[in-house]
Amino acid sequence: MIFILASIIVLFVATIIILLTEIRKRKQLQEALKKRSKNSQKYTRALDAILQNVHAYILLIDREFNVLRTNYYERTRTLASDEQKKVGDLLCCRNAILSGMCGTHAKCADCAVRSAINKSFREKQGFVDLEISLTLAVSKERYVQFKGLVSSSYIHENESEYLVLTIHDITELLAEKRENEKMNSIVKFTSSVSQFCFASFNL
């Protein structure tokens, strides 16, 4: 009888200890998850601040060219779309608009951006300062030439692969460069004519 009573007491104490241990573990897990959530929120806010202030288009994409996150809408001050877009669709590439989706136009096979992205995923490494020229659709009837520099960083996380694309718009920069070169040519020509006239006058 005493043995049975002692066994019950030991079993009861062991159950209480196990229960308290599980409660403590659950509490520690909840605190860890809460802390991780706070850190995640801080990281998200910091990332949002970076994306809003960096002077370039940033695109996080997967192997299928789907844009998972971007600052494109903030940089262009356009309304964000709820529909997931591919790279060409987001940038309003003329070929993507005409064919209905990025990657489906006949000329997409020759796209330098698509080729560089595929190579980056295939070789598991990024690329730097790829100069691109795209025809972008401003409206259904109006198109503009876009000149840019594209770089990428390869990311492998949780068995998934991503690329972070950084796109710098250098359209205006190149236009200014051409204008400066034109002005320099005019100055050189004017200087040559002046020197020739001066030399002729001295004769």
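Me: In what sense do S4 and S5 pair, and over how many bridges?

Reply: This is a predicted model. In it, S4 and S5 are joined by 10 bridges and run in the antiparallel sense.

Me: How should I read a nonpolar core, and which residues touch the most other members here?

Reply: The general idea is that nonpolar side chains in soluble globular proteins tend to be buried together. Here the largest nonpolar core has 24 residues, and Leu59, Ile61, Val87, Ile117 and Leu165 touch the most other members. Several elements give two or more residues to this core, including strand S1 (57-61), helix H2 (72-76), helix H3 (87-90) and strand S5 (160-169). H5 gives the most, with four residues.

Me: What is Ile61 in contact with, leaving aside its neighbours within four places in sequence?

Reply: Among the contacts of Ile61 are Val67, Leu68, Val87, Ile117, Phe121 and Leu165.

Me: How many aromatic pairs are there, and how does one read their geometry?

Reply: One looks at the distance between ring centres and the angle between planes, an angle over 60 degrees being read as edge-to-face. The count comes to three aromatic pairs. The rings of Tyr72 and Tyr73 have centres 5.8 Å apart and planes at 80°, so this pair is edge-to-face. Tyr72 and Tyr73 are both buried, and together with Tyr57 they form one aromatic cluster.

Me: What of Phe121 and Tyr154?

Reply: Their ring centres are 6.5 Å apart and their planes stand at 80°, so this pair too is edge-to-face. Phe121 lies in helix H5 (residues 112-123) and Tyr154 in strand S4 (residues 143-157), so the pair ties together parts 33 residues apart in sequence. Phe121 is buried, with a relative accessible area of 1%.

Me: Over which ring does the charged end of Arg114 sit?

Reply: The charged end of Arg114 sits over the ring of Phe65, 4.1 Å from its centre. That of Arg94 sits over the ring of Tyr143, at 5.3 Å from the ring centre.

Key
Residues numbered from 1 in each chain as written. Predicted model: local features only at pLDDT ≥ 70, side-chain atom pairs only at ≥ 80, totals over all residues. Heavy atoms only, no water. Phe/Tyr/Trp six-rings, centres within 6.5 Å; stacked < 30°, edge-to-face > 60°. Buried < 20%, exposed > 50% of the residue type's maximum accessible area, 1.4 Å probe, protein only. Lys NZ or Arg CZ within 6 Å of the ring centre and 35° of its normal. Core = buried A, V, L, I, M, F, W, Y, C linked by side-chain atoms within 4.5 Å. Contact = heavy atoms within 4.5 Å. Pairing = 2+ DSSP bridges.
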